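Here is a friendly walk through one protein model for someone seeing it for the first time. Keep the 3D view open and look up each residue as it comes along.

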Amino acid sequence: MRPLLLTLTAGLPLMAQELPPTYVCGRTPTPPVIDGKGEEAAWQTARELTPFRDIEGAAIPHHCRVKMLWDDTCLYILADMDEEHLWASRTEHDSIIYHDPDFEVFIDPDGDGLNYIELEINALNTTWDLFVTRPYHFNDPHILHDWEIKGLKHAVHLRGTLNTPGDTDAGWSVELAIPWSSITSHAHLPRTSKAPESGSCMRMNFSRVNWQVSPTAGGYTKLPCPESNHVWAPTGKINIHLPEHWGRVIFSPNPASEWEAAAPDLSHGAKLRLYETLHAQLEYRSKHGKFDTEAKLPSSVNGVFPTKDFFVLTTTCEKTGTCMRLDSEGLFSAIPAGQKQPELYLWVHGASERTPIEWLQRFTCYAEAGIDTVIIDGSIERITQLTRLAKMAGLRVFAWFWTLNRPGDTTALQHPDWYAVNALGKSCHAPQDRPFVEYYQFLCPSNKEVQQYMQEQVRQLAAIPGLDGIQLDYMRLPDVELPRGLWAAYGLNMSQVILAFDYCYCDKCKSAYEQQNNRNWKQFRTATVAQLFNALAAEVRRHGLTAACAVFPSPSMAARMVHQDWSQFHADLVLPMAYHSFYNETASWAADITRRAIQETNGRLPVAPGVHLPDMQPELLPQHLETLRAAGVQGIGLFSDDELTAEHLQQLRAWHHAQRMSRCPVDNAPSAK
C-alpha cells in the first residue's frame with residue numbers, strides 16, 4: 001500500500017487539500033505613523049497572517065511577516081521581509097514594479113472574483129496601483145493602469161544598505177495606509193470614505209516577488225532563472241490572479257489586542273468546485289474556440305448552456321446550505337441558508353492491528369457519515385501513516401497532542417524537576433504520589449524547560465505531511481475538583497479544596513508568583529496554563545495549521561476545576577468536553593453549558609462541544625446533535641472511534657443525509673442576471 005498511498009496523496013491538487021486562510025483584522029484606536037517601521041503599540045498586539053508559502057503551495061525558507069489593522073478611515077498593512085541582498089531599480093510610479101523584488105497587495109472587496117485592486121511597492125518606495133475588472137484568463141481583463149489609490153500613504157524601512165553588493169543585509173519592511181474610499185468604491189462608483197461593516201469580510205492576497213541575483217562590482221546581476229512567488233494564500237498555479245483562492249479577511253469590531261479566532265469559510269470548498277469547472281471550460285475554449293457543451297460535470301455541479309458562448313453553473317454547499325451561481329463571464333453570486341450544519345470531529349484512538357486497507361475503509365465510512373475531521377492519537381509514525389489514509393478518504397486531520405499530562409514520556413521522566421507538585425509537596429513524578437490514576441503524570445506549565453520541550457514536540461508534529469491542525473489536550477493541571485459524577489468512584493467529596501489534589505506548588509511556580517503581586521494564587525496558575533497554550537498555539541499557526549484545544553465545559557468551570565480558564569486561550573477552535581453523565585446531568589445540559597461557554601467568551605472562539613458516545617443511545621444521537629446545533633456551535637466532537645458503534649454510525653449517516661436533503665436544491669439557485 002505504501003507506494004500507492006504516497007503517489008495518490010502527492011497527486012492531490014492544492015484545492016482538494018485545504019481551504020484558503022482566514023485572518024481577523026482588529027481595530028486600532030489611533031492610526032499608526034506610516035514610516036515603514038511598525039513600532040507603534042497597535043502593531044505589537046496585532047496578530048500575524050499565517051506563514052507565506054510558494055504560490056503552488058510548498059513551504060519556503062524565507063520569511064515574510066504581515067499584520068493588518070483598520071479604523072473608519074483606512075486599512076493599514078505592515079510587512080516585514082528578510083533579505084540578504086537589498087536592491088531595486090524602478091523609480092517611476094506605475095512602472096512594472098515586479099521586475100524588482102517587491103511586495104504586492106490584492107483586494108477583492110466583495111469577493112466575487114471581479115473588480116479588484118492590485119498594489120505593488122519596491123524597496124525604493126516606488127508604487128504601481130491598478131484596477132483589474134476581471135482576471136487575465138478571460139483574455140480581455142480590462143486592466144485600468146491609470147487608476148490611482150487616492151490618499152495612499154506608503155513608506156519603506158531598510159535593514160541594510162540598498163544596491164550595495166559588498167555587504168550582507170537583514171531585510172526591509174513596508175507600511176501602508178489604504179483609504180477605504182479606494183477599496184469599498186469601484187471605479188464606476190462615487191468614492192466615499194465608508195469603512196466596511198464590522199464583521200464583514202473581503203478577499204485578499206499578498207505576494208512577495210523575489211529574484212535570485214549575483215553580487216557584481218557594479219551592483220547585482222539577475223541569474224537566469226524565474227522569480228520566486230511567495231504568497232499568503234497559494235493558488236496552486238504560478239498565477240496570482242485566481243481570486244477564488246485568495247484568503248478571507250474579517251473586520252472585527254474589537255481592538256487588535258483582543259484575541260478572536262478566525263473560523264474558516266466552510267462553503268468555500270463548494271465555491272472552488274464551480275471555479276474548477278469554469279477554468280476547464282475556459283481552457284477548452286482557448287483551444288477549440290467554443291465551450292464544451294458535452295463535458296461531464298462534477299456530480300455536485302449543475303450546468304446550463306443557453307448558447308454555445310455562455311453557460312451557468314450552480315451548486316449547493318452541503319455544510320452551509322449556501323446556493324451558489326457562477327457563469328462563463330466570471331459573475332459569481334450566492335444565497336446563504338439560514339442555519340449551518342456543524343463540522344463533525346472524531347477522536348481516533350483506534351486499534352493498532354488494523355491494516356492500511358482496513359483503516360482506509362474505516363475512514364471512508366466516517367466521511368460518508370458526515371465526519372469532517374479526525375483527531376488522531378499516537379506516535380508521529382502512526383499519525384503520519386493514518387494521515388495519508390484519512391486524506392485519501394477526503395477527511396481533514398488533526399494530530400492529538402497530550403501536553404502537560406505525559407504518561408510514560410521517557411524524556412520527561414529523566415527530569416524530576418519538570419513535574420507538577422501539590423500543596424503537600426508531592427510530585428507527579430513519583431508513581432506512588434500521582435493523583436487519581438497512574439497515568440496522571442503532569443508537568444509544570446511555568447517551567448522554562450517544559451515550555452521548550454513542548455515547543456519542540458509541536459514542531460515535530462507540524463512536520464507531518466498533510467496535517468491540517470494540532471489539537472492540544474490536557475492543557476491544564478490535575479483535577480482540584482473532579483466532575484461530580486466521578487466522586488463516588490474515588491470515594492471523595494470535593495466540594496472543598498483537598499490539598500493533595502491542588503497543584504502546582506513547585507519552587508519555580510512559587511518563586512514566579514512572589515514576583516507578581518497583581519493577581520491571586522489561583523489566577524496566577526490559570527494564567528501560566530493560558531500563557532503556555534498561547535505560545536504553543538502560535539507555534540502551531542507558524543506552520544500554517546489550526547490550533548485547537550480540548551477543554552472543560554465552560555471557562556468558569558474549567559478555571560475552578562483544573563486551573564484552565566480557556567477564555568484566555570488564543571485558540572482557533574475549542575472542543576469542550578460537555579459529557580453530561582460526568583456531572584450527573586441530563587443530555588440537555590450539554591447545550592445549556594455550551595451556550596454559557598459561548599457567552600463567557602463573547603463568541604470569540606469557535607466552539608465544538610464533545611459528545612461522550614458511551615452515554616448516548618444511538619437512536620438519541622440525531623436529536624442530541626440537533627440540540628447542540630441550535631446552541632450556535634461551530635462543530636461537534638465525537639469521543640471516540642473506539643465507542644462509535646455500527647448503530648451510532650448508522651444514525652449519524654441518516655442525520656447527515658437528512659441535513660443534505662434539507663439544503664436548498666441547486667435548481668433553486670439564483671438565475672442568470
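## Salt bridges

Arg 65, Asp 80, Asp 82 and Arg 159 are joined to one another in a network of salt bridges. The model you are looking at is a predicted one, and its salt bridges number 25.

One of them pairs Arg 134 with Glu 329, whose closest N and O atoms lie 3.1 Å apart. Arg 134 sits in the loop between β7 (127–132) and β8 (143–144), while Glu 329 sits in the loop between β18 (323–327) and β19, so this pair ties together parts that are 195 residues apart in sequence. With a relative accessibility of 12%, Arg 134 counts as buried; Glu 329, at 38%, counts as partly exposed.

## Two further pairs

Arg 325 and Asp 327 also form a salt bridge, and here the closest N and O atoms are 3.5 Å apart. Both of these residues are buried.

Asp 417 belongs to the loop between α7 (410–413) and α8 (448–462) and Lys 508 to helix α10 (residues 507–514), so the pair ties together parts that are 91 residues apart in sequence. Asp 417 is partly exposed, its relative accessible area being 41%. Lys 508 is partly exposed as well, with a relative accessible area of 41%.

## The second largest pocket

The second largest pocket holds about 780 Å³ of space. It is lined by 31 residues, and those closest to its centre are Arg 248, Asp 265, Leu 266, Ser 267 and Lys 340. Four elements each supply at least two residues of this lining: the strands β11 (201–210), β15 (247–255) and β19 (332–335), and the helix α4 (268–288). Sorted by class, the pocket lining has 13 nonpolar, 10 polar and eight charged residues.

The side chain of Ser 267 makes a polar contact, at 2.9 Å, with the side chain of Asp 265. Setting aside neighbours within four places in sequence, Ser 267 is in contact with Cys 317, Thr 320, Thr 322 and Met 324.

## Cavities

How many cavities of 30 Å³ or more does the structure hold? There are three of them. The second largest cavity has a volume of about 50 Å³.

Its lining is made of Gly 113, Leu 114, Pro 135, His 137, Phe 138, Pro 243, Glu 244, Tyr 275, His 279 and Gly 330. By class, the lining of this second largest cavity divides into five nonpolar residues, four polar and one charged.

Is Thr 387 buried or exposed? Thr 387 is buried, with a relative accessible area of 0%. This residue belongs to helix α6 (residues 380–392). Beyond its neighbours within four places in sequence, Thr 387 is in contact with Ile 376, Val 397, Ile 464, Pro 465, Gly 466 and Leu 467.

Ile 470, in strand β23 (residues 469–473), also counts as buried, at 0% relative accessibility. Leaving out neighbours within four places in sequence, the contacts of Ile 470 include Ala 399, Phe 401, Val 458, Leu 461, Val 540 and Leu 545. Ile 470 and Val 458 are 12 residues apart in sequence, and their C-alpha atoms are 8.1 Å apart in space.

## Backbone details

Tyr 503 and Cys 504 are joined by a cis peptide bond with omega of about 5°, and Cys 504 lies in the loop between α9 (487–490) and α10. The peptide bond from Phe 639 to Ser 640 is cis too, with omega near -10°; Ser 640 is in the loop between β27 (635–639) and α15 (646–662).

Asn 115 is not a glycine, yet it has a positive phi of about 50°. Asn 115 lies in the loop between β5 (102–108) and β6 (116–122) and, at 22% relative accessibility, counts as partly exposed. Phe 436, likewise not a glycine, has a positive phi of about 65°. Phe 436 is in the loop between α7 and α8, and is buried, with a relative accessible area of 19%.

How values were computed:
Residues are numbered from 1 along each chain as its sequence is written. This is a predicted model: local features need pLDDT of at least 70, side-chain atom pairs count only at pLDDT 80 or more; totals for chains, interfaces and linings use all residues. Side-chain values use heavy atoms; hydrogens and water are left out. Buried means under 20% relative accessible area, exposed over 50%, partly exposed in between (1.4 Å probe, protein chains only). Contact means heavy atoms within 4.5 Å. On a 1 Å grid over the protein atoms alone, a cavity is a set of points where a 1.4 Å probe fits but cannot get out, and a pocket is an open set with protein on both sides within 12 Å along at least five of seven lines; lining residues have an atom within 4 Å of a point. Grid points are joined across faces, edges and corners, and a volume is the space filled by probe spheres set on the points. Ala, Val, Leu, Ile, Met, Phe, Trp, Tyr, Cys and Pro count as nonpolar, Asp, Glu, Lys and Arg as charged, and the others, Gly among them, as polar. A salt bridge is a side-chain nitrogen of Lys or Arg within 4 Å of a carboxyl oxygen of Asp or Glu. A polar contact is a pair of N or O atoms within 3.5 Å; within protein, one must be able to donate a hydrogen and the other to accept it, and residues adjacent in sequence count only if both atoms are side-chain atoms.
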